[in-house]
Amino acid sequence: MAGREERWAIIDESEFTLTVINPWQFEIGQCCVITRRHVATLLDLSAQECATVLSAAQRVAEALVATYQPLGILTFQNNGVYSGQETPHFHFHVVPRQKGSDWGIGPPQLATFDGVGRQRGTPHDPGGDARRRERVRVSARQLAETAERIRSNLPK
């Protein structure tokens, strides 16, 4: 969808990857590094694709730090439905974390960390997911502006 649908604004690209703004901004500036070749999981990547994904993630993380001065950068990738993967195409999340996040230490369905986010042992209730997705959906114009702001801070 990247490059074909306005909401998936491209921030950076290489021979093997595209770095895009995530249309669901659970955290302002949330990005994904995706492979150009259609593969489902980490286990399907070539060694070159693996290296390029991590390099692209590092580039966009540096840009996110310069753009937002986050408290931290969360990176994650799900492999298979039972890990929480919703889209059957490899993508690696790079997320700037700010105070007040409702993610805890990871995505809402996985977040458990003492004193941050959900309490340990609390099951994920998907009942609030639709409301959360609606809350974090922003306009294509806002996504393009966010992508441009991050792009302007990519390392040279």
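Predicted model: local features only at pLDDT ≥ 70, side-chain atom pairs only at ≥ 80, totals over all residues.
Biologist: What share of the residues is buried?

Modeller: Let me start with the surface: the protein exposes about 8900 Å², and carbon and sulfur atoms supply 55% of that area. As for contacts with a separation of 6 or more, 57% come from residues 24 or more positions apart. Of the 156 residues, the buried share is 43%.

Biologist: Let's turn to the strands. How many bridges join β1 to β2?

Modeller: These two strands form a hairpin with three residues between them. They run antiparallel, and isoleucine 10 stands opposite valine 20 in β2. The number of bridges joining β1 to β2 is three.

Biologist: And which residue is the bridge partner of leucine 18 in β3?

Modeller: Strands β2 and β3 also run antiparallel, joined by five bridges. Within this pairing, leucine 18 has as its partner isoleucine 34.

Biologist: Is strand β2 enclosed by the rest of the structure or open to the outside, and how many of its residues are buried?

Modeller: In a regular strand, side chains alternate between the two faces of the sheet. On one side of β2 sit Thr17, Thr19 and Ile21, on the other Leu18 and Val20, and all of these are buried. Strand β2 is therefore largely enclosed by the rest of the structure, and the buried count is five of five.

Biologist: How many disulfides does the structure hold, then?

Modeller: The sulfur of cysteine 32 is 7.7 Å from that of cysteine 31, too far for a bond. Across the structure, the number of disulfides is zero.

Biologist: On to charges: which residue forms a salt bridge with arginine 59?

Modeller: Side chains of opposite charge can pair when their charged atoms come close. In this pair the closest N and O atoms are 2.7 Å apart. Arginine 59 lies in helix α1 and its partner in strand β1, so the pair ties together parts that are 47 residues apart in sequence.

Biologist: With which residue does glutamate 13 form a salt bridge?

Modeller: The closest N and O atoms of this pair are 2.6 Å apart. The link spans 23 residues, from glutamate 13 in strand β1 to a partner in the loop between β3 and α1. Glutamate 13 is partly exposed at 48%; its partner, also partly exposed, at 41%, is arginine 36.

Biologist: How far apart are the closest N and O atoms of glutamate 148 and arginine 151?

Modeller: Both residues lie in helix α3, three residues apart, about one turn of the helix. Glutamate 148 is partly exposed at 42%, and arginine 151 is partly exposed at 30%. This salt bridge is one of six in the structure, and its closest N and O atoms are apart by 2.3 Å.

Biologist: One last item: what is the geometry of the pair formed by tryptophan 8 and tryptophan 24?

Modeller: A search of the whole structure finds one aromatic pair. Tryptophan 8 sits in the segment before β1 and tryptophan 24 in the loop between β2 and β3, 16 residues apart; tryptophan 24 is partly exposed at 23%. The ring centres are 6.4 Å apart and the planes stand at 75 degrees, so the geometry is edge-to-face.

Note on methods
Residues numbered from 1 in each chain as written. Heavy atoms only, no water. Disulfide = S-S within 2.5 Å. Salt bridge = Lys/Arg side-chain N within 4 Å of Asp/Glu carboxyl O. Helix = DSSP H or I, 4+ residues; strand = E, 2+ residues; numbered from the N terminus. Buried < 20%, exposed > 50% of the residue type's maximum accessible area, 1.4 Å probe, protein only. Pairing = 2+ DSSP bridges. Phe/Tyr/Trp six-rings, centres within 6.5 Å; stacked < 30°, edge-to-face > 60°. Contact = heavy atoms within 4.5 Å. Areas by Shrake-Rupley, 256 points an atom, 1.4 Å probe, with all protein chains shown as cover.
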